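Please have the sequence and the 3D view open while reading.

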Amino acid sequence: MYLWIKAFHVASIVIWIGGMLIMALVLQTLQKTSPERSAAEFRLLQAVRRWDQRVTSPAMGLAWGLGVALVYFGGWHTAGWLVVKLVLVLLLSALHGIQSGYLRRLVDAPEQEASGLLKNSGALTIASVAIIAAMVVVKPF
């Protein structure tokens, strides 16, 4: 059973992180100062927003739930590497919320400028995932 939970956990993470990277790319591309948004840009924003609501956000929730199950069934709750992973996963979850909120606001107010955090959200996501992967595979402490 543990291996099935682990497999679905990894699959949900791939979907979640893929969605975050798509949002980072779209937000970076469509963030501009012009008050007018073309019909194609508006449709793209709406499509990414629907994808986030229907796929990316549920995948994040599933990753969290399955991750808690893995910690419980694997007895990892006292592992030091898990603390580092959890901090980064919390930060990724918060970043996802910030991305989602900005995407929602960008539909109504296209002139809104992205924060430095959002402008670098793709790189932050990739760096966090790389560190998390190292923690889980190497288990350095």
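This is a predicted model: local features need pLDDT of at least 70, side-chain atom pairs count only at pLDDT 80 or more; totals for chains, interfaces and linings use all residues.

Residues are numbered from 1 along each chain as its sequence is written, and side-chain values use heavy atoms, with hydrogens and water left out.

**The chain as a whole**

- The chain has five helices and zero strands, where helices (H or I, at least four residues) and strands (E, at least two) are DSSP runs numbered from the N terminus.
- Along the sequence the pattern reads α-α-α-α-α.
- The C-alpha atoms fill a box of roughly 55 × 25 × 15 Å along the principal axes.
- Of the 141 residues, 38% are buried; buried means under 20% relative accessible area, exposed over 50%, and partly exposed in between (1.4 Å probe, protein chains only).
- Among contacts (heavy atoms within 4.5 Å) between residues at least 6 apart in sequence, 79% join residues at least 24 apart.

**Aromatic pairs**

- A pair of aromatic rings is described by the distance of the centres and the angle of the planes.
- The structure holds three aromatic pairs; rings of Phe, Tyr and Trp (its six-membered ring) pair if their centres lie within 6.5 Å, and planes under 30 degrees apart count as stacked, over 60 as edge-to-face and the rest as tilted.
- One of the pairs is Trp4 and Phe8, with ring centres 6.1 Å apart and planes at 25°, so it is stacked.
- Trp4 and Phe8 are four residues apart in helix α1 (residues 2–30), about one turn of the helix.
- Trp4 counts as exposed because its relative accessibility is 59%, while Phe8, at 49%, counts as partly exposed.
- For Tyr72 and Phe73, the centres are 5.2 Å apart and the planes at 70°, so this pair is edge-to-face.
- Tyr72 and Phe73 are both exposed.

**A lysine over two rings**

- Lys139 lies over the face of Trp76, at 4.9 Å from the ring centre; a charge sits over a ring if NZ of Lys or CZ of Arg is within 6 Å of the ring centre and within 35 degrees of the ring normal.
- Lys139 also lies over the face of Trp81, at 5.0 Å from the ring centre.
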